Amino acid sequence: MTRSVALFATCLGDQLWPEVVEATVAVLERAGCRVTFDPAQTCCAQPAFNSGYHDEAKAVARAFVEVFERADAVVAPSGSCTAMVHRYPELFRDEPDWRARAEAVAHKAFELSAFLVRELGVVDLGARLSARVAWHDACHALRELGVHDEPRRLLRAVAGLELVELRTGESCCGFGGTFAVKFPELSTAMLDHKLSGLDDRVDVLSAVDSSCLMQMRGRLQRQGSRVRAMHLAEILASR
Amino acid sequence: MRVSPLTPETFADNARAALADATLTGALRRATDTFAERRAAAIGAVPDWQELRTRAAAIKAHTLARLDAYLEEFTANATKAGATVHWARDAAEACAIVRDLAQARGSKRLVKSKSMATEEIHLNAALAQDGREPVETDLGEWIIQLAGETPSHIIVPAIHKTKEQIGALFVDKLGIPPSSDPQLLAAEARTRLRAHFAAADLGISGVNFGVAETGTILVLENEGNARMTTTLPAVHVAVMGIEKVIPRFGDLETFLRLLPRSGTGQHLTTYQSMLTGPDPMGQGPRELHIVLLDNGRSRIVADELMRQTLACIRCGACLNACPVYQSIGGHAYGSVYPGPIGAILTPQLQGLHSAGTLPFASSLCGACKDVCPVKIDIPSLLLELRRRAVAGEQVPAAPSRGAAPTTSKPARRKPLEALGWRVWSWVTRSPARFRLATAFARLGQKLPFAMRLFGPMRAWQSSREAPKLAARPFRDRWRGDAR
C-alpha cells in the first residue's frame, strides 16, 4: 500500500541542509511512499517554547497545525522537532479547540526512522556505504519518542557499513537549543565528553537529528577531525 | 578554592570556574559514573522496577493531594507514641524551635546526622550564634564542615573532593601525618567522632519518611552515625520537610526498594532506623522532637502543575545522571539543592527573581526523568518554570491560606530578548516573511564581520564551526524539480 507522506523539512533542514531533506525524500520514496511538500511550512516552534515564550510558540504551532492537519502522516528527519509536535496538546492545554486539532496532528507526526520501521515495517532500503559508523542517540528521539532500535536496525541493513556504539552511550551532546549559546563553555564540555566516546577508527558519526549533528560537526571541524557527521537519511540514501 | 558565596544568579560564571578546575571535573566524572553504573546494576535485578516507580509516584501524588490530612494523622500518632511535634512555617521558625530546645535543656554538645532539610534552613549557622554548632557526623558532611564548605551533592556531600584533598585537609585541621589512604582517614574520623557521640547531649537528624499511620520516622544511612545521633543523646530533634509524610507503614515496602537502589545502587542501606516516639526500652533518648518544616512547601502543594516537585525522595539519581551536574558539580548551582531537582526546587523555594537562571541551565536531555524513582517529569517542570520566568509570574503561583507571606519576586524582565522572540514568532508564522528573513540572513552570512556582532553566533563560534545557510533552501529546490 502506498502511504502518502507530508514531509516536514524542519527549519534547519530546509535552510541549512537541503541535501538531508532530499535524502529523506529519496528514502521515503524508496520505501514506497508518495511524498508531498507544502511550502507554507516553516518551523515546529520549539525554539520559542523551550525558551519559555509560549504565546510566541503558539502562533507558530497554529501555523504548523494548519499546514499539516489534512495530511495522512507527517514525517520529519528529526526526533526533536517531532517530539515538539507531540507536546502541542500540552502547549494548548487552555484552548480546547486548538488542543483537539493539535492532538490530531501529534498522533500522525513521526520521526523518520520510527516511521520506516514501525509504520512501514521497512528495514532494508538497499543502501550501501563502506564506513565505520558510530551512532548518537539524540535525546528527544530516545527519551521522548522511544527511538532506539529503529535506526540501528536500518543501519545494520546497509551494505558495507559497520555500526559501533559510542563509549559515552546515551549522554547528551550538549546542544539543547539556546542552551548551546547561553552556556557555551558548559555546552562544549558536554560535547567534548560525548565525542570522547569515539574510537580512532570511526569514519562517520550519525544521528536522526540535524541539530545534534550541527553541534558535533562544528566541534569535529574545529578540531580538524577526520570524522564526518552524517544524518541517518544521508546514509540510507547512499548507493 | 571558593572565595565568595556562589548564588544561582552567578550560575554561568560558577559553571565556567568549575570547568576550569580539572581536579574537580575529574572527581565528579569518576564519582557520578560509578554511582550511575551501580544504580543500573541494582535496578537491573528488579523485574518490576517500572511498576515500583509507578506505584511510588501514585502514592506520592495521593499523599500530596491530601497532605493536610496526612500531616494531622502523622502528628496525632507521633504524639500518641510520645514524640513532641512542632510546626515551623519557615527556616527562622524551625531554627528557633531547635535553638530554644537546646537552650532550655542546657545542651552544649550537639551532634547531627546528614540532612538536607537542616542545610536548607542553615541550622548550623543559627545554632553557632549561641555557641552550639552541632558536629556533623556523616563522614562526608564532617569533611565539608572541617573545610568550611557546603555539600555539593544531596547524598554524597563531599563528592567534589579527592582523597588527596581530604588527606591534606586532615593534615591541616587535625594535625595527622600526611596520608591519602581512605581506610586510614576514615579510621581517624571514626575515632574523633566517637568522642563526640559519647559526650553529646542533643542529636539532630533529618527524616527520610514519616509514616502517618504509626507516627514513625525513618532515617536511612550507611555509617551508623545517624543511629548513634538518634539514640545516644538524651534528646533527639528530627527536622522533617512536610512532604516526607507517607500514608501507611506498608508503603515503605515500595519506597525502601526504590531509594537505596536509585541513590547508591545498594539493595538496602546498611541502617534503617525506624523511630516511633522516644525509645520505649528506656535506653535511647528521653525526648523525641519532630520539627515539621513548611518553608514554602505548602505554596508548592497549592500549585497543581508544580506539586510533583515535592514527590522527591532525595535519592540523588538525577544528579548522577545529569550531564550538566556531571560537568560542573553542585556548588555551581549556588543553592542548597543542586542538579536537576535543585533546578526545579530552588526557584520555587526562593523565587525566580534570584534563581530564575537555574531552569535554563539544562539541555532538556531528559536523563533525570528516566532515572527518577518517583517519576517526576523534571524537563516539563523546567519548561513551565522557564515560561513563568519570562512571563514575569511568581512561583509558586498562588500563596496558600495561612502560609507565611511570599517573598518570591518574579524574575527580572529581559525586554530585548522578549522583543526578539516576538519578532521571531511574527516572522516564522508566515512563510512569506520566513522566506524574506532567511534571504536577508543569506546576505548577512556573506559578511562574517557582521555575523560576529551577533552574540549567539560569537558564543557558538567560541568552540565550534558555524554551519552555513545553503545557497538554495530545500523549499526552492523542491519547486525547481517540478514535481
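User: By class, how many nonpolar, polar and charged residues are in the lining of the second largest cavity?

Analyst: Keeping in mind that this is a predicted model, the lining of the second largest cavity has 12 nonpolar residues, 1 polar residue and 1 charged residue. The volume of that second largest cavity is about 110 Å³, and of the 14 residues lining it, those closest to its centre are C312(B), C315(B), C318(B), C372(B) and P373(B).

User: Staying with α19(B), how many of its residues are buried?

Analyst: Of the 14 residues of α19(B), 13 are buried, so this helix is largely enclosed by the rest of the structure. The end C-alpha atoms of α19(B) are 20 Å apart, which agrees with the 20 Å that its 14 residues should span at 1.5 Å a residue. After α19(B) comes G392(B), which has a positive phi, near 70°.

User: Which residues other than glycine have a positive phi?

Analyst: H122(B) is one of them, with phi near 55°, and N295(B) is another, with phi near 50°. As background, most residues other than glycine have a negative phi. H122(B) is found in the loop between α6 (116–120) and α7 of chain B, whereas N295(B) lies in the loop between β10 (287–293) and α13 of chain B.

User: Is N295(B) buried or exposed?

Analyst: N295(B) is buried, because its relative accessible area is 17%, and the cut-off for buried is under 20%.

User: Back to α7 for a moment, where is N124(B), and what does its side chain contact?

Analyst: N124(B) sits in helix α7, which covers residues 123–128 of chain B, and its side chain is joined to that of E136(B) by a polar contact of 2.8 Å. With a relative accessibility of 15%, N124(B) counts as buried.

User: Changing topic, how many residues has α2(B), and how far does it reach?

Analyst: Helix α2 of chain B, residues 22–44, has 23 residues and reaches 33 Å from its first C-alpha to its last, which is close to the 33 Å expected at 1.5 Å a residue.

User: What caps its N-terminal end, and which of its residues are buried?

Analyst: The N-terminal end of α2(B) is capped by D21(B), which has a side-chain oxygen 3.2 Å from the backbone nitrogen of T23(B). The buried residues in α2(B) include L24(B), A27(B), L28(B) and A31(B), and among them are also R29(B) and R39(B).

User: Which loop holds E304(B), and is E304(B) buried or exposed?

Analyst: E304(B) is in the loop between α13 (297–301) and α14 (317–321) of chain B, and E304(B) is exposed, with a relative accessible area of 66%. Although E304(B) and A65(B) are 239 residues apart in sequence, they are 8.9 Å apart in space, C-alpha to C-alpha.

User: And what about V85(A), where does that lie?

Analyst: V85(A) lies in helix α5, residues 79–86 of chain A, and V85(A) is buried, with a relative accessible area of 2%. Its C-alpha atom and that of F110(A), 25 residues apart along the chain, are separated by 9.3 Å.

User: Last one, what domains does the assignment give for chain B, and what distance separates their centres?

Analyst: The domain assignment of chain B gives domain 1 (8–298) and domain 2 (415–480), and their centres, taken over C-alpha atoms, are separated by 51 Å.

Methods:
Residues are numbered from 1 along each chain as its sequence is written. Chains are lettered from A and ligands numbered from 1 in the order in which they are written. This is a predicted model: local features need pLDDT of at least 70, side-chain atom pairs count only at pLDDT 80 or more; totals for chains, interfaces and linings use all residues. Side-chain values use heavy atoms; hydrogens and water are left out. On a 1 Å grid over the protein atoms alone, a cavity is a set of points where a 1.4 Å probe fits but cannot get out, and a pocket is an open set with protein on both sides within 12 Å along at least five of seven lines; lining residues have an atom within 4 Å of a point. Grid points are joined across faces, edges and corners, and a volume is the space filled by probe spheres set on the points. Ala, Val, Leu, Ile, Met, Phe, Trp, Tyr, Cys and Pro count as nonpolar, Asp, Glu, Lys and Arg as charged, and the others, Gly among them, as polar. Helices (H or I, at least four residues) and strands (E, at least two) are DSSP runs, numbered from the N terminus. The expected span of a helix is 1.5 Å times one less than its number of residues. Buried means under 20% relative accessible area, exposed over 50%, partly exposed in between (1.4 Å probe, protein chains only). A polar contact is a pair of N or O atoms within 3.5 Å; within protein, one must be able to donate a hydrogen and the other to accept it, and residues adjacent in sequence count only if both atoms are side-chain atoms. Domain bounds come from an automatic or database domain assignment.
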